[in-house]
Amino acid sequence: MKSNHLFHAFLMVAAGCALASCAPEKPADTDGHTLWLGEAAAALPSCSQTTLDVVNANLGFLSEKVSLERLASFDESLGEEGYRLTWDKAGVTASANTEQGLLYASFDLLRRQACCQKPVVGETVSSVPAFRYRLLNHWDNPNGTVERGFAGKSLWKWEEIVVDDLAANAPIYAEYARANASIGINGTVLNNVNANPCMLTEEYLIKVKTLADIFRPYGLKVYLSLNFAAPKHLAGLNTSDPLDEKVVEWWNGKVAEIYSLIPDFGGFLVKANSEGQSGPQDYGRTHADGANMLADALKPYGGIVMWRAFVYAATSPDRARQAVEEFKPLDGQFRDNVIIQIKNGPIDFQPREPFSPLFGQLERTQVMAEMQVTQEYLGHSNHLVYLHPMWKECLDSDTYQKGEGSTVAAITEGKVIPYRYSAIAGVANIGDSINWCGHHFAQANWYAFGRMAWNPDLSSEQIADEWLKQTFATTDKHFIQPVKEMMLSSRETTVHYEMPLGLHHVFAGAGHYGPGPWEGSIRPDWSPLYYHKAGADGVGFDRTRNGSAAVEQYHEPLCSMYNDVTTCPEELLLWFHHLPWDYTMKSGRTLWDELCLTYQSGIDAVRSYMEVWNGVEPYVDNHRFQQVAVKLERQAKDAIWWRDAVMRYFQSFSGLDLPEGCTPFQHDLDYLRQFRLRISIYETPALDKLPEYVLP
Ligand code: GCV
């Protein structure tokens, strides 16, 4: 059986590496379950295997001869997880300090083979991860729902996680771990940050241990989100005050229990005093008091606390300012095994935000970035959006905290202020859907997050290139080039058709899919009206020194640059400025015209993606081709829907018409307002439940 797989894999690679110029043979249908690993995904060792077994299974798929070398004396330059590859006439030698290093080396070799990278005899390559903790955050609930999950139900079937030989009975868990290992992810937070206290009960901890045992050979550690009020919920205490002795004792006992089951447990992720979650402020204590209590309990075992900075009160005139206001006064008060986990932008995973100013404001506190892999605000699993350019934009942003070069990447890697721990997190887009992520191209975002966490210097292009070659088992430039270009432009396209020029949070309802610029909400800061502030006088949120003064949370030269309307980058214009409809843009057009035409460019771009995809049909199996084609058509319709809704609504203030170059509105405001998209935070809308649009 195994040799069959091997032979097949070899043929696939050989076929893929031949530079086809004539029409390719139509690939066989696939459901996409094997991800970027292709046939090598079949190499799952059965349960209770070691890391070396996984490595050897990988080597079985390589056509070159590989020698493994576990270094006798610790090589500091490679650390715990790095590796070195050296090619000579006999083959390649993979060297590392640890088995985990060899694991990553073996996946590197698989990647090179699938991408047809020719080894050079005499060449040596070393690779070391930039971040020590590279984590997925699952927002999965014990009842099987996934908050902002658009790929089916949770992967974790808690009711089934009881048997010892689970890996054999449910290989999906090992497949998941293997996929993560292949891209260097070394930790997973299993449950939602809106945490159900039951996750800390003995019943669930035993299940968590079962998963941890399956994941271990793949170098993947488990972490849990916790509910800060757990002592009240689970132990019947009358408080969860972090300075209360009984509460401290309860957490110490709970942590000891966890480590007795899972000796390499990673630690806790905490959402406290945010969106209704309990936290130390319920007892008049600070975030530092809460985080430190947990950090002290974890410290003897080497665990960490990731304490989220996503906090905002309903009453604030500007939600974008709040994380800095809450956390800056606490700088220096956190234990050294606490990391403040900060979303890339100051609001909430919008298609474009400036970087969160908190990254540059803490001098004596470790910080990490939280990116969203799941497409909560970018078309769920209906839209093709490659997210790496968005994350890289944040990581490459210069905060100027210690002068030029203090990028978000450099800060979180610990290069600006030396940290003990460096980390990065991505909110997972994985569910029990057969292709894991709902949209075949959403797999690229899982892949890209892992590759970026290992090496934030990799370009979006390189990652897309690797992913395409592996996932579609071809290196044919007639496929790779156009599809890669489509991927690379897709994030900017989405910004254009959803919220261009710095607009943000213009979503209908709590489902965060379609447009609803007219909507109010029970909380002002959950309503589009709060964010776009459109009126007869213009549009945009004034965050200048004359407005909410959020610009002042950025170091110079950014503060002045954002503050001045003539130097503020136009892609962030309405994030920082409220401007009249006839404001003159750099192009010489009015703001109104520029908005309309930018929306139009988004519409046109998705329309062109449909053509790109049709053009590569011979290179893609029918199954994946059709599924992507259907979704691209919906994406193109959604792009027009966004433009119609937002610009029709703005038109009620501006009184202006669409300029030349725009396709006409298809629906009026009455229809669009009546169309109600009632979806919950757990679902993506069915394609046929969305408004009717005719493609131009
Ligand atoms: C897990 C946003 C999302 C919520 C999410 C929250 C968070 O508000 O809409 O679903 O809750 O962010 O990151 O905590």
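Visitor: Where does Ala 256 lie?

Guide: Ala 256 is in helix H8, residues 245-261. Helices are DSSP runs of H or I with at least four residues, strands are DSSP runs of E with at least two, and both are numbered from the N terminus. This is a predicted model, in which local features need pLDDT of at least 70, side-chain atom pairs count only at pLDDT 80 or more, and totals for chains, interfaces and linings use all residues. Residues are numbered from 1 along each chain as its sequence is written, and side-chain values use heavy atoms, with hydrogens and water left out.

Visitor: Why is Ala 256 called partly exposed?

Guide: Its relative accessible area is 30%. Buried means under 20%, exposed means over 50%, and partly exposed is in between, with a 1.4 Å probe and protein chains only. Ala 256 therefore counts as partly exposed.

Visitor: How far apart are Ala 256 and Ser 356 in space?

Guide: They are 36 Å apart, C-alpha to C-alpha. In sequence, 100 residues separate them.

Visitor: Which aromatic pair involves helix H8?

Guide: The structure holds 45 aromatic pairs. One of them is Trp 251 with Phe 268. This pair links distant parts of the chain: Trp 251 is in H8, Phe 268 is in strand E8 (residues 267-270), and they are 17 residues apart. Both residues are buried.

Visitor: What makes the pair of Trp 251 and Phe 268 edge-to-face?

Guide: Rings of Phe, Tyr and Trp (its six-membered ring) pair if their centres lie within 6.5 Å; planes under 30 degrees apart are stacked, over 60 edge-to-face, and the rest tilted. Here the centres are 6.1 Å apart and the planes make 65 degrees. That angle is over 60, so edge-to-face is the label.

Visitor: Why is the pair of Tyr 649 and Phe 650 called tilted?

Guide: The ring centres are 6.1 Å apart and the planes stand at 50 degrees, so the pair is tilted. Tyr 649 and Phe 650 are buried.

Visitor: Which residues do ring pairs link into a cluster?

Guide: Trp 36, Trp 156, Tyr 173, Tyr 176, Phe 215, Trp 436, Trp 446 and Tyr 447.

Visitor: What makes helix H5 mostly covered?

Guide: Nine of its 11 residues are buried. H5 runs over residues 172-182. Among the buried ones are Tyr 173 and Tyr 176. Just after H5, Gly 184 has a positive phi of about 85 degrees.

Visitor: How do you know that strands E5 and E12 pair?

Guide: Two strands pair if DSSP finds at least two bridges between them. E5 and E12 (residues 423-427) have five, and they run parallel. Asn 137 has Val 427 as its bridge partner in E12. Strand E6 (residues 187-189) also pairs with E5 in the parallel sense, over three bridges. In E6, the partner of Asn 137 is Val 189.

Visitor: Which way do the residues of E5 point?

Guide: Side chains in a regular strand alternate between the two faces of the sheet. In E5, Tyr 133, Leu 135 and Asn 137 point one way, and Arg 134 and Leu 136 the other. All are buried.

Visitor: Where does H15 bend?

Guide: At Ser 490, by about 45 degrees. The bend is the angle between axes fitted to the seven residues ending there and the seven starting there.

Visitor: Why are His 505 and His 512 called buried?

Guide: His 505 has a relative accessible area of 5%. His 512 is at 9%. Each value is under the cut-off, so both are buried.

Visitor: What is phi of His 505?

Guide: Near 55 degrees, which is positive in a residue other than glycine. His 512 also has a positive phi, about 60 degrees. Most residues other than glycine have a negative phi.

Visitor: What makes Lys 343 count as lying over the face of Phe 310?

Guide: A charge sits over a ring if NZ of Lys or CZ of Arg is within 6 Å of the ring centre and within 35 degrees of the ring normal. Lys 343 is at 3.3 Å from the ring centre of Phe 310. Arg 543 lies over the face of Phe 541, at 3.8 Å.
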